[in-house]
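Hi,

Here is the structure I promised to send over. Have a look at it first, and then read on for my notes.

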Amino acid sequence: MLRLALLSSGNMLDCLVSDPNGPLLYKGWYHLFYQYNPYGAVWGNIVWGHAVSRDLIHWRHLPIAMVPDHWYDINGVWTGSATVLEDGQLVMLYTGSTNESVQVQNLAYPADPVDPLLVDWVKYSGNPVLVPPPGVEVKDFRDPTTAWLTPEGMWRIAIGSKVNKTGISLMYDTKDFKTFKLLDGVLRGVPGTGMWECVDFYPVSKIMENGLDTSVNGPGVKHVMKTSLDDDRNDYYALGSYDSDAGIWTPDDPKIDVGIGLRYDYGIFYASKTFYDKEKNRRILWGWIKETDSEKADIQKGWSSLQAIPRTILFDKKTGSNILQWPVKEVERLRLKKNVFDKVEVKAGSVVRLDVCSTSDQLDIAAEFEVDQEALSSLEGTEMTYSCSSSATRGALGPFGLLVLADDALSEQTPVYFYISKDTQGNFKTFFCADHSRSSEATDVDKRIYGSTVPVLKGEKLSMRILVDHSIVESFAQGGRTCITSRIYPTKAIYEDAKIFLFNNATNAGITASLQIWQMSPAYAH
Ligand code: DQQ
């Protein structure tokens, strides 16, 4: 596997992992805590699992960091975030589910701040530090963010909640993480979005090619607000401006406000969280990939869920309207032999096998596609009815792309593809999709088609990067403008029987594809 997984940790029997918690870089070590059930492959008995790495790729599992052992978290040590204070001190805020299942916020800190591995944790004796405020249901108050500094020198956090059907992020100021002041108003609220979980709020640079520390603001900065919607279990974000003095965040486009517009990922990706990597000047995103088979199957296999490959986040200066997500550079260290395919022609209605003289179940693929220019310009515009879920649709200019984790007979295959359409005004719209309907011959697994539109600017080639990892496919279009994570269960297209093909199911256009494909070595965890 290319990722952090309990599978290789030896403690894989009967357990579940979910939300990434408190990611950070501390004294040269990347830390990932995560929601973890050590006693079963289904959600429950939630503690904080803990793993560390020097390079975000090779991981070492450490002892459980925090377990439910006080009245204020006896029903679960739930999601939380790390804040590194100006003097290097580390504080962790997390949600506890109390003996009465009330959601409260608690403070924890390292028992030995000198220990770079942060093995032992102390819970503050004055916990809980926050209880649900008046007007908020006791079960709708969770997942504190990393704190950022206000112009007055206070630390500010946001916490997800809802009032009726309006999802909100409450704001609190604190000096010491022990006493907090609830601010008037909310950082953002969007009617109809329901409970906001795992809110994340951070700056991105409009000018530079690097990430920003959480407290940075200024004229060259935009702010991303992200929420995980409990109602549909997807992670949504919006870009906007944050007025630090007034404490008000305004979306660039209210039509695509938080929870009703852009998503981090159009596949299986939830409860994500970012952190700022001070050493490499970048912001990194972690996300949880849940299972898409049945609970019964998870219990049978004895484990459930994984983390996505961490992604670097940047503002997309070219479009100005989205972020870019890209697998962290370190993943390229797992690349082995490279296979190059230059300008492969794929005629309309054909499939071309790519021989990558090794097994194709662990790959890093970078592909570029050019569409026959004549077909593009001669296409008549039509009413735009396409969406990724229109499975069987063949159009003049799509679908075309790759079939990954496919067996020779194509009885199992996961198509990752583009589809171009043109509306009656002559505007092109490009879709990027991943089809799980034929990924597995098993019957009790998810068979949907995922995806969305992807911005393609004038003169740009269509490009995709795909990380294939046995039963997970992470796909990134146009440098990471649109991403799709697939959790699939091939039964035939496995190990040396997993193959890769180009396909072009357009009715009217030939395509030319150029690819670099690396076989990947596994990233062992210890
Ligand atoms: N998971 C945690 C909550 C959070 C949810 C509980 C999101 O804190 O809201 O395991 O997956």
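Before the rest, some housekeeping. This is a predicted model, in which local features need pLDDT of at least 70 and side-chain atom pairs count only at pLDDT 80 or more, while totals for chains, interfaces and linings use all residues. Residues are numbered from 1 along each chain as its sequence is written, and side-chain values use heavy atoms, with hydrogens and water left out.

D143 sits in the loop between β9 (141-142) and β10 (148-149); strands (E, at least two residues) are DSSP runs numbered from the N terminus. Its C-alpha atom is 6.4 Å from that of Y94, although the two residues are 49 residues apart along the chain. Beyond its neighbours within four places in sequence, D143 has contacts (heavy atoms within 4.5 Å) with residues including T79, T95, E197, C198 and V199. A polar atom of the D143 side chain also lies 2.8 Å from the backbone nitrogen of C198. That pair is a polar contact: N or O atoms within 3.5 Å, where within protein one must be able to donate a hydrogen and the other to accept it, and residues adjacent in sequence count only if both atoms are side-chain atoms.

D143 is also one of the 13 residues that surround the ligand, and D19, Q35, W43 and R142 are with it among the closest (near means that a heavy atom of the residue lies within 4 Å). Strands β5 (77-84), β15 (196-205) and β20 (270-277) each give two or more residues to the shell around the ligand.

**Domains and cores**

The protein is divided into domain 1 (15-327) and domain 2 (335-520), with bounds from an automatic or database domain assignment. Their centres, taken over C-alpha atoms, are 32 Å apart, and the contact takes 28 residues from domain 1 and 24 residues from domain 2.

The largest nonpolar core has 89 residues, of which I365, F369, L402 and L515 touch the most other members. Such a core is a set of buried Ala, Val, Leu, Ile, Met, Phe, Trp, Tyr and Cys residues joined through side-chain atoms within 4.5 Å. Strand β37 (residues 511-520) gives the most to this core, with six residues. Domain 1 (15-327) and domain 2 (335-520) both give residues to this core, so it lies between them. A second, separate core of 18 residues includes L85, L130, I157 and I159.

S97 belongs to strand β6 (residues 90-97) and is buried at 4% relative accessibility. Among the residues that S97 touches are W71, Y72, W78 and V102. S53, in strand β3 (residues 47-53), is buried at 1% relative accessibility, and a polar atom of its side chain lies 3.0 Å from the backbone nitrogen of D55.

Happy browsing, and write back whenever you like!

Note on methods. Buried < 20%, exposed > 50% of the residue type's maximum accessible area, 1.4 Å probe, protein only. Helix = DSSP H or I, 4+ residues; strand = E, 2+ residues; numbered from the N terminus.
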